[in-house]
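Student: I'd like to learn how to read side-chain packing from a model. Can we walk through one together?

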Amino acid sequence: MPKRFDLIVFDWDGTVANSNQLIINAIRNASLEVGLPQPTEEAVKGIIGLGLREALIRLVGEIPEEKLQALVARYNVHYNAGENQIVLFDGVAEAIPVLHAQGFKLGVATGKGRGGLNRALINSGLGQYFGATRCVDECHSKPHPEMLLQLMDVLDATPDRTLMIGDTSFDLQMAENAGVASLGVTYGAHPLNSLLPFKPLAHFDEFHKVNQWLTTHA
(Lines give C-alpha, C1' and ligand atoms only; values in the text may rest on other atoms or scores of the structure.)
Protein backbone atom coordinates (compact mmCIF):
# COMPACT_ATOMS: atom_id res chain seq x y z
CA MET A 1 0.00 0.00 0.00
CA PRO A 2 1.24 3.55 -0.68
CA LYS A 3 2.54 5.35 2.38
CA ARG A 4 0.33 7.96 4.04
CA PHE A 5 3.29 9.84 5.52
CA ASP A 6 6.78 10.65 4.28
CA LEU A 7 8.17 12.08 7.52
CA ILE A 8 7.71 10.76 11.06
CA VAL A 9 8.94 13.05 13.85
CA PHE A 10 9.45 11.73 17.37
CA ASP A 11 9.68 13.56 20.65
CA TRP A 12 12.53 12.09 22.70
CA ASP A 13 12.02 12.16 26.49
CA GLY A 14 8.93 10.18 27.45
CA THR A 15 8.26 8.99 23.90
CA VAL A 16 11.45 7.27 22.76
CA ALA A 17 13.50 7.30 25.98
CA ASN A 18 12.25 6.34 29.43
CA SER A 19 13.79 9.40 31.07
CA ASN A 20 10.87 11.15 32.74
CA GLN A 21 11.52 9.83 36.24
CA LEU A 22 15.10 11.04 36.05
CA ILE A 23 13.85 14.49 34.98
CA ILE A 24 11.31 14.55 37.81
CA ASN A 25 13.84 13.54 40.45
CA ALA A 26 16.45 16.00 39.15
CA ILE A 27 14.04 18.94 39.30
CA ARG A 28 12.70 18.05 42.73
CA ASN A 29 16.16 17.54 44.24
CA ALA A 30 17.54 20.69 42.62
CA SER A 31 14.65 22.76 43.97
CA LEU A 32 15.42 21.73 47.54
CA GLU A 33 19.12 22.37 47.12
CA VAL A 34 18.61 25.99 46.03
CA GLY A 35 16.11 26.71 48.79
CA LEU A 36 12.85 26.45 46.85
CA PRO A 37 9.79 24.42 47.85
CA GLN A 38 9.97 20.91 46.42
CA PRO A 39 7.32 20.54 43.68
CA THR A 40 5.18 17.45 43.49
CA GLU A 41 5.84 14.77 40.90
CA GLU A 42 2.56 15.63 39.17
CA ALA A 43 3.51 19.29 38.94
CA VAL A 44 6.84 18.42 37.36
CA LYS A 45 5.19 16.05 34.89
CA GLY A 46 3.03 18.93 33.73
CA ILE A 47 6.00 20.97 32.49
CA ILE A 48 7.99 18.14 30.87
CA GLY A 49 8.29 18.82 27.15
CA LEU A 50 9.15 22.50 27.43
CA GLY A 51 12.67 23.88 27.27
CA LEU A 52 14.37 23.67 30.67
CA ARG A 53 14.38 27.37 31.58
CA GLU A 54 10.80 27.87 30.42
CA ALA A 55 9.71 24.73 32.24
CA LEU A 56 11.33 25.79 35.50
CA ILE A 57 9.87 29.30 35.36
CA ARG A 58 6.42 27.86 34.72
CA LEU A 59 6.92 25.44 37.62
CA VAL A 60 8.38 27.73 40.31
CA GLY A 61 7.26 31.16 39.09
CA GLU A 62 9.37 34.22 38.48
CA ILE A 63 12.54 34.07 40.56
CA PRO A 64 15.78 36.09 40.44
CA GLU A 65 18.03 35.18 37.53
CA GLU A 66 20.80 34.11 39.88
CA LYS A 67 18.46 31.67 41.61
CA LEU A 68 17.21 30.35 38.26
CA GLN A 69 20.76 29.78 37.06
CA ALA A 70 21.53 27.91 40.26
CA LEU A 71 18.43 25.76 39.79
CA VAL A 72 19.41 24.94 36.20
CA ALA A 73 22.95 24.09 37.30
CA ARG A 74 21.83 21.74 40.07
CA TYR A 75 19.27 20.12 37.74
CA ASN A 76 22.04 19.44 35.23
CA VAL A 77 24.23 17.86 37.90
CA HIS A 78 21.47 15.43 38.89
CA TYR A 79 20.34 14.69 35.34
CA ASN A 80 23.84 14.16 34.00
CA ALA A 81 24.63 11.77 36.86
CA GLY A 82 21.88 9.40 35.67
CA GLU A 83 21.97 10.06 31.94
CA ASN A 84 23.94 6.95 31.01
CA GLN A 85 21.37 4.72 32.73
CA ILE A 86 18.44 5.93 30.59
CA VAL A 87 16.87 3.12 28.57
CA LEU A 88 14.65 3.20 25.52
CA PHE A 89 11.05 2.09 25.82
CA ASP A 90 10.47 -1.53 24.83
CA GLY A 91 10.41 -1.94 21.07
CA VAL A 92 11.95 1.41 20.13
CA ALA A 93 15.42 0.08 19.32
CA GLU A 94 13.94 -2.48 16.95
CA ALA A 95 11.30 -0.23 15.35
CA ILE A 96 13.37 2.81 14.36
CA PRO A 97 15.78 0.93 12.02
CA VAL A 98 12.84 -0.85 10.38
CA LEU A 99 10.96 2.40 9.76
CA HIS A 100 14.13 3.85 8.24
CA ALA A 101 14.58 0.79 6.02
CA GLN A 102 10.96 1.11 4.88
CA GLY A 103 11.76 4.50 3.42
CA PHE A 104 10.30 6.83 6.02
CA LYS A 105 12.20 10.02 6.74
CA LEU A 106 12.69 10.24 10.49
CA GLY A 107 13.23 13.28 12.69
CA VAL A 108 13.37 14.33 16.34
CA ALA A 109 11.81 17.44 17.87
CA THR A 110 12.72 17.78 21.52
CA GLY A 111 12.85 20.10 24.49
CA LYS A 112 16.37 18.84 25.16
CA GLY A 113 19.40 20.95 24.34
CA ARG A 114 21.69 19.99 21.47
CA GLY A 115 24.38 18.54 23.70
CA GLY A 116 21.92 16.36 25.57
CA LEU A 117 20.26 15.08 22.41
CA ASN A 118 23.57 14.32 20.74
CA ARG A 119 24.63 12.25 23.75
CA ALA A 120 21.26 10.46 23.74
CA LEU A 121 21.55 9.65 20.04
CA ILE A 122 25.04 8.22 20.58
CA ASN A 123 24.11 6.27 23.72
CA SER A 124 21.00 4.80 22.10
CA GLY A 125 22.72 3.90 18.83
CA LEU A 126 19.84 5.47 16.89
CA GLY A 127 21.49 8.64 15.59
CA GLN A 128 22.20 7.19 12.15
CA TYR A 129 18.49 6.70 11.42
CA PHE A 130 17.33 10.30 11.92
CA GLY A 131 17.71 12.58 8.93
CA ALA A 132 17.44 15.75 11.01
CA THR A 133 16.79 16.80 14.59
CA ARG A 134 15.78 20.03 16.29
CA CYS A 135 16.32 21.10 19.90
CA VAL A 136 15.10 23.87 22.15
CA ASP A 137 18.37 25.81 22.00
CA GLU A 138 18.01 26.04 18.21
CA CYS A 139 14.31 26.86 17.90
CA HIS A 140 11.39 28.28 19.81
CA SER A 141 10.19 25.93 22.54
CA LYS A 142 7.17 23.76 21.96
CA PRO A 143 4.29 24.32 21.30
CA HIS A 144 5.63 26.85 18.79
CA PRO A 145 5.71 25.10 15.38
CA GLU A 146 9.26 26.14 14.43
CA MET A 147 10.87 22.76 15.13
CA LEU A 148 8.45 20.97 12.84
CA LEU A 149 8.56 23.66 10.19
CA GLN A 150 12.34 23.45 10.05
CA LEU A 151 12.36 19.66 9.96
CA MET A 152 9.85 19.62 7.10
CA ASP A 153 11.95 22.14 5.22
CA VAL A 154 15.23 20.27 5.70
CA LEU A 155 13.74 16.85 4.96
CA ASP A 156 11.55 18.03 2.07
CA ALA A 157 8.18 17.05 3.51
CA THR A 158 4.80 18.76 3.52
CA PRO A 159 2.49 19.11 6.52
CA ASP A 160 -0.10 16.72 5.09
CA ARG A 161 2.61 14.04 4.75
CA THR A 162 4.17 14.54 8.20
CA LEU A 163 3.32 12.80 11.49
CA MET A 164 4.37 13.92 15.00
CA ILE A 165 4.52 11.40 17.86
CA GLY A 166 4.74 12.65 21.45
CA ASP A 167 3.76 12.18 25.07
CA THR A 168 2.86 15.74 26.04
CA SER A 169 0.22 18.28 25.18
CA PHE A 170 3.09 20.54 24.01
CA ASP A 171 4.05 17.96 21.36
CA LEU A 172 0.53 17.63 20.04
CA GLN A 173 -0.18 21.35 20.17
CA MET A 174 3.03 21.96 18.22
CA ALA A 175 1.78 19.51 15.59
CA GLU A 176 -1.57 21.28 15.45
CA ASN A 177 0.15 24.65 15.12
CA ALA A 178 2.24 23.30 12.22
CA GLY A 179 -0.76 21.73 10.46
CA VAL A 180 0.66 18.25 11.07
CA ALA A 181 -1.12 15.05 12.16
CA SER A 182 -0.14 13.51 15.49
CA LEU A 183 -0.17 10.38 17.61
CA GLY A 184 -0.27 10.60 21.40
CA VAL A 185 1.36 8.22 23.85
CA THR A 186 0.18 7.95 27.43
CA TYR A 187 3.12 6.05 28.93
CA GLY A 188 5.09 9.31 29.24
CA ALA A 189 4.48 12.57 31.09
CA HIS A 190 0.96 13.80 30.32
CA PRO A 191 -2.35 12.00 30.85
CA LEU A 192 -4.75 11.19 28.06
CA ASN A 193 -7.19 13.97 28.94
CA SER A 194 -4.50 16.57 28.24
CA LEU A 195 -3.72 15.06 24.82
CA LEU A 196 -7.22 14.61 23.45
CA PRO A 197 -7.99 18.33 22.90
CA PHE A 198 -5.35 18.33 20.14
CA LYS A 199 -7.10 15.54 18.23
CA PRO A 200 -4.37 12.94 17.74
CA LEU A 201 -5.16 10.33 15.13
CA ALA A 202 -4.80 7.70 17.85
CA HIS A 203 -3.28 7.24 21.30
CA PHE A 204 -1.39 4.34 22.82
CA ASP A 205 -0.23 3.16 26.22
CA GLU A 206 2.77 1.15 24.94
CA PHE A 207 5.31 1.82 22.22
CA HIS A 208 4.81 -1.50 20.48
CA LYS A 209 1.19 -0.43 19.83
CA VAL A 210 2.50 2.74 18.18
CA ASN A 211 4.66 0.58 15.93
CA GLN A 212 1.72 -1.66 15.06
CA TRP A 213 -0.29 1.40 14.04
CA LEU A 214 2.56 2.71 11.92
CA THR A 215 2.86 -0.65 10.18
CA THR A 216 -0.78 -0.61 9.10
CA HIS A 217 -1.71 3.07 8.87
CA ALA A 218 1.40 5.12 8.05
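Student: Are F10 and F130 buried or exposed?

Tutor: Bear in mind that this is a predicted model. Here F10 is buried, and F130 is too.

Student: How many aromatic pairs are there?

Tutor: The idea is to look at ring centres within 6.5 Å, then at the angle between planes, where over 60 degrees counts as edge-to-face. That gives four aromatic pairs. One of them is F10 with F130, at 6.4 Å centre to centre and 80° between the planes, hence edge-to-face. This pair ties together distant parts of the chain: F10 belongs to strand β1, while F130 sits in the loop between α6 and β3, 120 residues apart.

Student: Now helices. Which residues of α5 are buried?

Tutor: For a helix, ask which residues are buried and where they point. In α5 (residues 92-101), the buried ones are V92, A95, I96 and L99. Down the helix axis they fall within an arc of 100°, so they line one face. Turned away from that side are the exposed E94 and A101.

Student: What covers the buried residues of α5?

Tutor: The cover includes β1, β2 and α10. Just past the helix, G103 has a positive phi of about 100°.

Student: And which residues are buried in α3?

Tutor: A55, L56 and L59.

Definitions and conventions: Residues are numbered from 1 along each chain as its sequence is written. This is a predicted model: local features need pLDDT of at least 70, side-chain atom pairs count only at pLDDT 80 or more; totals for chains, interfaces and linings use all residues. Side-chain values use heavy atoms; hydrogens and water are left out. Buried means under 20% relative accessible area, exposed over 50%, partly exposed in between (1.4 Å probe, protein chains only). Helices (H or I, at least four residues) and strands (E, at least two) are DSSP runs, numbered from the N terminus. The arc is that of the directions from the helix axis to the C-beta atoms. Contact means heavy atoms within 4.5 Å. Rings of Phe, Tyr and Trp (its six-membered ring) pair if their centres lie within 6.5 Å; planes under 30 degrees apart count as stacked, over 60 as edge-to-face and the rest as tilted.
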